[in-house]
Amino acid sequence: MTKNIIETVKIKTIIDECDGVKTFLFERNGTVVPKPGQFVMIWVPGVDEIPMSISSYNENGEWAITVKNVGDCTNSIHDLKVGDYIGVRGPLGNFFKIPQDTNKNIFLIGGGIGMVPLRFLASELIKMGNKFKFIEGAKVKDEILFANEFLEYQQEDLEFHFCTDDGSYGKKGFTTDLFEHIIESLSVEELKDSVVFTCGPEIMMHKILQICIEKKVEMYASLERIMRCGCGLCGLCVLDPLGLLVCNDGPVFNSHMLTEMEDFSKFERDFSGKKNSL
Amino acid sequence: MNSLVLNISELKLNSPLILASGILGVSYSTMKRLVDVGLGAITTKSIGPKPRKGYKNPSIVEVYPGTFLNSVGLGNPGIDNFMTEIKEIKKFKFPLIVSVFGDSIESYIKVALKAEQAGANAIEINISCPHAEVSSIGIDKNLTFSIVKSMKEELKVPVFVKLNPNVTNLGEIALAAQKGGADAVVAINTLAAMKVDINTKRPILSHGSGGLSGEAIHPIAVKKVYDLYKILEIPIIGCGGASNWQDVIEFILVGASAVQIGTILHQGLDAITDIINGLKKFLKDSEYSSISELKGLAHEFKTQEVPDFD
């Protein structure tokens, strides 16, 4: 197990996705294959090292991360050019388990930059022959991610629903409203045969959890916390009171765990280990 | 009867495994989980007088399989914030060792007294973190003696001293700790080390260098414990790269009374279950009723002092 050794790789391609969001592609040595939901630790030499969801992977060993410019480190990532080095550790953590049964009603619900791991999941689901319904939400039209890519899929049994807070793209409102509306017409059996994979703001995922509990729908959410190691040593990404670690026990957690997590949508720890409100 | 039960000073441990300081010792909930899967006691992350974020990332990376380099820089929430965590931990009734540091003898004592008041069962003095300023105490026998003596005078709970291996003569520092009244020593802290990325030509850790832990340092730690056992009267807690039950037995054979584990947890909590099961099976198969019966047995063998000539 050497997944925590930093490998420095050159950035091969940079794609402007939308306002303040870029995708960076790079090739790695070795044969390790990441799964949707897993993350990598990205080192920007001289700046910082932060966890990042894996955005895509192909058989040629090409990996991608999609980065929103929200702070010092992500700002430095946005300044990188093709040919610059970044350090990569991983893949780390658990992953979204793709249902064996291709007839399941699969919902992917993503908010903002939370779309990243779901994009990787969507491409794997298509590869495995699973149909799904995708609900994507963003604040405004300019922050809607991967829409063109999704609309190119053009396969039967795939549905893409978009919403924005201001109605500038898709429906006006939240992903949770759209989700509630879509499952309204489902029978108890259909709900029982449904599964939700979600990633986005925790307040959104918390609302989705409430809906899923009420409707008795299986649900998995991908969480994010500050971490040093990414591999079960520093303890900063702990979720009380279960003592689960986002890095090693997650980042994907099921609805039973989420229900018992007092920290979910409420608290995170900073680099000192002190607990603060989200 | 549980073959793994033992005592260190006043502490009764249900297993010889203790969580090493600096690993996962942040939240009451993780500590409880670790005890549930078999740890006999917990040592918290080193706690200082005030909140401290530590060094930037990269601060923990693997350098060889199972061997890690870190420079966390004593990041901790500060004793006042941590008191609430200690009180939460105390609800679970397992032995809690609070690791403390300060910027003067007085501040060490202040932090330790607060920890004791909140319910710590023992204090581990961190005089040895190789990537922070406190390491200067751990390389000086007089400073080590003074700090241990001063803390023993103020505290009621047992005091353990974590030794800095980055010294010329570890024995004399350990003897100074014993003379100061230490109830046990923990040997060893991480070894000063460094890693440079050849593509970017940069040191990888943000601090430049740090401390090495994990599998690669285990044989070094074994040698240190072996040497200390010959000169110390107080118990030794072995620490350094123990990754399986065999490593734990090895520590005990060279003289450790208990063993701290840390880095192996990058493999998850199952590693603890595996070690506990392995220890129990080994003791049963070799007909020992208690793990303490193995303590120091490696010293019964005469080793060759002078090489053969012709």
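**Exercise 1. Determine which residues of α6(B) are buried, and state how far the helix is enclosed.**

Step 1. The buried residues of α6(B) are Leu170(B), Ile173(B), Ala174(B), Leu175(B), Ala176(B), Ala177(B) and Gln178(B). A residue is termed buried if 20 or more other C-beta atoms lie within 10 Å of its own, exposed if 12 or fewer, and partly exposed in between, with C-beta atoms placed from the backbone. Helices (H or I, at least four residues) and strands (E, at least two) are DSSP runs, numbered from the N terminus.

Step 2. Because 7 of the 10 residues of α6(B) are buried, the helix is largely enclosed by the rest of the structure.

Step 3. After α6(B) comes Gly181(B), with a positive phi near 105°.

The model is predicted: local features need pLDDT of at least 70, side-chain atom pairs count only at pLDDT 80 or more, and totals for chains, interfaces and linings use all residues. Residues are numbered from 1 along each chain as its sequence is written, while chains are lettered from A and ligands numbered from 1 in the order in which they are written.

**Exercise 2. Describe the packing of α6(B) against α7(B).**

Step 1. Two packed helices are described by the angle between their axes and the distance between the axes. The axes of α6 (residues 170–179) and α7 (residues 218–231) of chain B come within 10 Å and cross at roughly 50°. Axes are lines fitted to C-alpha atoms, for helices over the stretch in contact, and angles run from 0 to 180 degrees between N-to-C directions.

Step 2. α6(B) and α7(B) are therefore oblique to each other; angles under 35 degrees count as roughly parallel, over 145 as roughly antiparallel, 65 to 115 as roughly perpendicular and the rest as oblique.

Step 3. On the α6(B) side, Leu170(B), Gly171(B), Ala174(B) and Leu175(B) meet Lys224(B), Asp227(B), Leu228(B) and Ile231(B) of α7(B). Two residues are in contact if their C-beta atoms, placed from the backbone, lie within 7 Å.

Step 4. The residues of this contact of α6(B) with α7(B) comprise 5 nonpolar, 1 polar and 2 charged. Here Ala, Val, Leu, Ile, Met, Phe, Trp, Tyr, Cys and Pro count as nonpolar, Asp, Glu, Lys and Arg as charged, and the others, Gly among them, as polar.

**Exercise 3. Carry out the corresponding analysis for α8(B) and α9(B).**

Step 1. Helix α8 (residues 245–253) and helix α9 (residues 270–285) of chain B pack at an angle of about 60°, their axes being 8 Å apart.

Step 2. That angle makes α8(B) oblique to α9(B).

Step 3. From α8(B), Trp245(B), Val248(B) and Ile249(B) take part; from α9(B), Ile275(B), Gly278(B), Leu279(B) and Phe282(B).

Step 4. The residues of the contact of α8(B) with α9(B) divide into 6 nonpolar, 1 polar and no charged.

**Exercise 4. Characterise the side of chain B that touches chain A.**

Step 1. In the interface, 38 residues of chain B are in contact with 35 residues of chain A.

Step 2. The elements giving two or more residues to this side of chain B are α1 (28–36) and β5 (60–64).

Step 3. By class, the side of chain B that touches chain A has 13 nonpolar, 16 polar and 9 charged residues.

**Exercise 5. Identify backbone features at Pro91(A), Pro58(B), Leu74(B) and Lys201(B).**

Step 1. Most residues other than glycine have a negative phi, and most peptide bonds are trans.

Step 2. The peptide bond from Gly90(A) to Pro91(A) is cis, with omega near 5°, and Pro91(A) is in strand β6 (residues 85–92) of chain A. The bond from Asn57(B) to Pro58(B) is also cis, with omega near -5°; Pro58(B) is in the loop between β4 (41–43) and β5 of chain B.

Step 3. Leu74(B) has a positive phi near 55° and is buried, with 23 other C-beta atoms within 10 Å. Lys201(B) has a positive phi of about 65° and counts as exposed, with 9 C-beta neighbours inside 10 Å.
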